[in-house]
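Have a look at the structure with me, and then I will go through my entries.

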Amino acid sequence: MTDITMIRAAASRLAGHARRTPLLSSPFLDEIAGRRVFVKPECLQHTGSFKYRGARSAVSALDAETRARGVIAFSSGNHAQGVALAARQFGVPSVIIMPSDAPRMKIDNTRALGAEVVLYERATEDRDAIGAALSAERGLTLIKPYDEPQVIAGQGTIGLEIAEDAAAMGITRADVLVCCGGGGLTSGIALALEADAPGLRARPCEPEGFDDAARSLASGQIERNARTSGSLCDAIVTPQPGNITFPIMRRLCGPGLVVTEDEALHAMALAFARLKLVAEPGGAVALAAALFRADQIAGDAVFLTISGGNVDADVFQDALARFA
């Protein structure tokens, strides 16, 4: 299981490779939210997503002989690109299993990073089974997108940075809103905050209709989504929380927050207008929660992640046209 020692070790391995992203703010966003809003823009991370941290952490933790045989991953795009880049940096092969309805830009970028891309149908095919078969056939090491201790450790380095920056500002109590799919980012940040900023509380944020983490936290057991596709927030759509991530979230996280797709698009437009950031819909749900669920958040400050910025041009243009 991931713990703070693993997260600190991942931070050491990521030093000089992952970008330390800043905390950004805007008085315009503060006014909408009714409190100070501090944005952690992982859309500025390598490959445009926080996923590079977990991917690099996992690939770098493999012994040299295992790593040389290559790695395999399944992802709608952000984890795919992170693993592809990490593998290329180590000079090893990578195979990425991606849903056929993933944004075209993410598929193209993954191939451009040197990965072999295998497409599958979300509704009718099991990506875990495909990954297991290819792993056995080629001797590849499977790097899961969230239910993997070293991936969680890499994502937890974001929590270390938030804790350090919050301490420097003298903020000791606040919610930390996290865009949540399977829970790797949320659980990693929660573990880091437990150790370095116990007054800061991670809270998962999800799109309406795909709020498995929020429902699982409310019921105390893992709940599945009725659907696994059909959301603009594709980057954070998963069947259910992970078997590793959920116990961490249940122990450490506050209640989940749920926003609509329109609110995510509105948040994208505001991130561009006020912070000059490009966010994808799934990467903007935590900002949407901070702005449009303010009554469900306590305190005079809130931290949040913009987890990714890999958005197709037509979706981004629609957000700006409707809400700019």
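**Entry 1, a helix inside.** I looked up α13 and found Val-285, Ala-286, Leu-287, Ala-288, Ala-289, Ala-290 and Leu-291 buried (under 20% relative accessible area, with exposed over 50% and partly exposed in between, for a 1.4 Å probe and protein chains only). Seven of the eight residues of α13 (285-292) are buried, so the helix is largely enclosed by the rest of the structure. Its buried residues pack against α2 (27-33), β6, β7, β8, α12 (261-275) and β9; contact means heavy atoms within 4.5 Å.

**Ground rules.** I am working on a predicted model, where local features need pLDDT of at least 70, side-chain atom pairs count only at pLDDT 80 or more, and totals for chains, interfaces and linings use all residues. Residues are numbered from 1 along each chain as its sequence is written, and side-chain values use heavy atoms, with hydrogens and water left out. Helices (H or I, at least four residues) and strands (E, at least two) are DSSP runs, numbered from the N terminus.

**Entry 2, the sheet.** I traced an open sheet of five strands in the order β1-β9-β6-β7-β8, with parallel pairing; two strands pair if DSSP finds at least two bridges between them. At the edges I noted β1 (36-41) and β8 (257-259), each pairing on one side only. Neighbouring strands of this sheet are turned by 25 degrees against each other on average, direction ignored. I then checked β6 (174-179) and β7 (200-207), which run parallel and are joined by six bridges. Val-178 stands opposite Pro-204 in β7.

I followed α8 (149-168) across β1, β6, β7 and β9 (301-306), at about 145 degrees to β1. Axes are lines fitted to C-alpha atoms, for helices over the stretch in contact, and angles run from 0 to 180 degrees between N-to-C directions. How do α8 and α9 (184-196) cross? Their axes come within 7 Å and cross at roughly 45 degrees. The two helices are therefore oblique to each other (under 35 degrees is roughly parallel, over 145 roughly antiparallel, 65 to 115 roughly perpendicular, and the rest oblique). Residues making the contact include Ile-152, Gly-156 and Ala-163 of α8 and Leu-185, Gly-188 and Asp-196 of α9.

Leaving aside neighbours within four places in sequence, I found Leu-62 in contact with Arg-67, Val-71 and Thr-141.
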